[in-house]
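Here is a short report on a two-chain model. Read it with the sequence and the 3D view side by side.

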Amino acid sequence: MGEQVMGSAVEMVLFVFLIVLAICIVRLRSLFAAAMLFGIFSLLSAGLLTMMDAVDVAFTEAAVGAGFSTVLFLGALGLTTSEEVSPVKHRVVAKLVVVSTGLALAYGTLDMPAYGDPDAPIHRHVAPHYLEKSADEIGIPNVVTSVLASYRGYDTFGEVTVVLTAAVGAILLLGGRATRRREDTEDAE
Amino acid sequence: MSEIPIKMRVRETVVLRVVGKAIVPFILLFALYVQFHGDYGPGGGFQAGVIFAGGLIFHALIFGLDELQRAIPPVVVEIGIALGTLLYGGVGIVSMMRGGAFLDYGVLNHHSAVHGQHLGILLIELGVGITVTFVLIAIFYSLAGRFRQ
């Protein structure tokens, strides 16, 4: 019981930090500092996910969000300036839309099952089969891996294809070898 | 911002160069651990790929893009992206040819379906790891390559 109270206290602190960071990122004019704060935001999210026992997701968040995204942000900053240019105008309508969307989302969560509720629909469909049969059918200790790689192997294949498409898009849009080769021939001429 | 680009200043930092050189092999080793230990603990191909690419990009940030592109030319990156996905899909095709459903790893081993599952998961995680590693390097190359233009 004490452990639970302790856990939710840590979660609360992390949530408060996330909100403070989000406000800071919105208000900051220096894009370099904002990129750094985004990294910290992801790292705190990873901590929060660890508290929720979702270590695989936390791992991904820490590696992608705090690591790779920050590098990409810095790379993008190298191509532009590190200051936000025009001071943002405070539009009443825009603020109203944002606030009402936020309130609608918060209202939507009221219908969701409580956090950790064992009777939630997600825990009653195929999840019991995965948890009970994984050891016999797949035989590896990490159930997350056996769900992702075997039971849901087709979905993961789709994800890999999405990642592949992202790279193809980046190479085509940002210019991979093709543009460089064209420049080389121009130089040769 | 002064006239000296950030890249130059980073490359001239001795501490960063020395520590970077020492730490990169361990990052890559950790990525391999995450890749092949995914069956037993948190991790798997996706996380391993990100860490592996992260180690290589870290190296490129300190020692320059040319060093990394000499080790891994862009053409290798493009082949690698497709190779990982091909390995994943190939496991699915092989399991179909052996009489199972697409990506049904159980049929990969004659004697026991569980061993087939182990083999299938190992191979597809490797495919995921290869694709993710090279995808991240490809994105980094195309972004970092624009600095020179």
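Buried residues account for 38% of the 149 residues of chain B. In chain A, 17% of the 189 residues count as buried. Both values come from a predicted model.

**Fold of each chain**

Chain B is built from six helices and zero strands. Its elements, read from the N terminus, run α-α-α-α-α-α. Chain A has eight helices and zero strands. Its order from the N terminus is α-α-α-α-α-α-α-α.

Contacts within each chain can be sorted by sequence separation. Take contacts between residues at least 6 apart in sequence. In chain B, 62% of these join residues at least 24 apart. In chain A, the share of such contacts that join residues at least 24 apart is 46%.

**Helix α6 of chain B**

Helix α6(B) covers residues 113-144, 32 residues in total. From first C-alpha to last, α6(B) reaches 46 Å, close to the 46 Å expected at 1.5 Å a residue. Is α6(B) mostly covered or mostly open? It is mostly covered, with 23 of its 32 residues buried.

B:G145 sits in the segment after α6 of chain B. This glycine counts as partly exposed because it has 18 C-beta neighbours inside 10 Å. B:G145 and B:E125 are 20 residues apart in sequence, and their C-alpha atoms are 30 Å apart in space.

**The nonpolar core**

In soluble globular proteins, nonpolar side chains tend to be buried together. Here the largest nonpolar core holds 52 residues. Those with the most contacts inside this core are A:A167, B:V50, B:V135, B:L136, B:I137 and B:A138. Both chains take part: α3, α6 and α7 of chain A each give two or more residues, as do α2 (14-36), α3 (45-63), α5 and α6 of chain B. Which element gives the most to this core? It is α6(B), with 14 residues.

**Where the chains meet**

In the contact between the chains, 41 residues of chain A touch 46 residues of chain B. On the chain A side, four helices each supply at least two residues: α3 (55-79), α6 (143-151), α7 (153-174) and α8 (177-188). The largest share, 14 residues, comes from α3(A). By class, the chain A side divides into 24 nonpolar, 14 polar and three charged residues.

**Two helix pairs**

Two packed helices are described by the angle between their axes and the distance between the axes.

| Helix pair | Angle | Axis distance |
|---|---|---|
| α2(A) and α3(A) | about 175° | 7 Å |
| α6(A) and α6(B) | about 85° | 10 Å |

Start with the pair inside chain A. At about 175°, α2(A) and α3(A) are therefore roughly antiparallel to each other. Residues of α2(A) in this contact include A:L31, A:F32, A:A35, A:F38 and A:G39. From α3(A), the residues include A:V55, A:V57, A:A58, A:E61 and A:A62. The contact of α2(A) with α3(A) has 15 nonpolar, seven polar and one charged residues.

Now the pair across the chains. At about 85°, α6(A) and α6(B) are therefore roughly perpendicular to each other. From α6(A), A:T145, A:A149 and A:S150 meet B:Q117, B:G120, B:I121, B:I124 and B:E125 of α6(B). This contact of α6(A) with α6(B) divides into three nonpolar, four polar and one charged residues.

**Two loop residues with positive phi**

Most residues other than glycine have a negative phi. A:D53 is not a glycine, yet has a positive phi of about 65°. It lies in the loop between α2 (31-51) and α3 of chain A. B:L103, also not a glycine, has a positive phi of about 65°. B:L103 is in the loop between α5 (74-97) and α6 of chain B.

Which of these residues is buried, and which is exposed? A:D53 counts as exposed because it has 10 C-beta neighbours inside 10 Å, and the limit for exposed is 12 or fewer. B:L103 is buried because 22 other C-beta atoms lie within 10 Å, and buried starts at 20 or more.

Key:
Residues are numbered from 1 along each chain as its sequence is written. Chains are lettered from A and ligands numbered from 1 in the order in which they are written. This is a predicted model: local features need pLDDT of at least 70, side-chain atom pairs count only at pLDDT 80 or more; totals for chains, interfaces and linings use all residues. Two residues are in contact if their C-beta atoms, placed from the backbone, lie within 7 Å. The expected span of a helix is 1.5 Å times one less than its number of residues. Ala, Val, Leu, Ile, Met, Phe, Trp, Tyr, Cys and Pro count as nonpolar, Asp, Glu, Lys and Arg as charged, and the others, Gly among them, as polar. Axes are lines fitted to C-alpha atoms, for helices over the stretch in contact, and angles run from 0 to 180 degrees between N-to-C directions. Angles under 35 degrees count as roughly parallel, over 145 as roughly antiparallel, 65 to 115 as roughly perpendicular and the rest as oblique. A nonpolar core is a set of buried Ala, Val, Leu, Ile, Met, Phe, Trp, Tyr and Cys residues joined through C-beta atoms within 7 Å.
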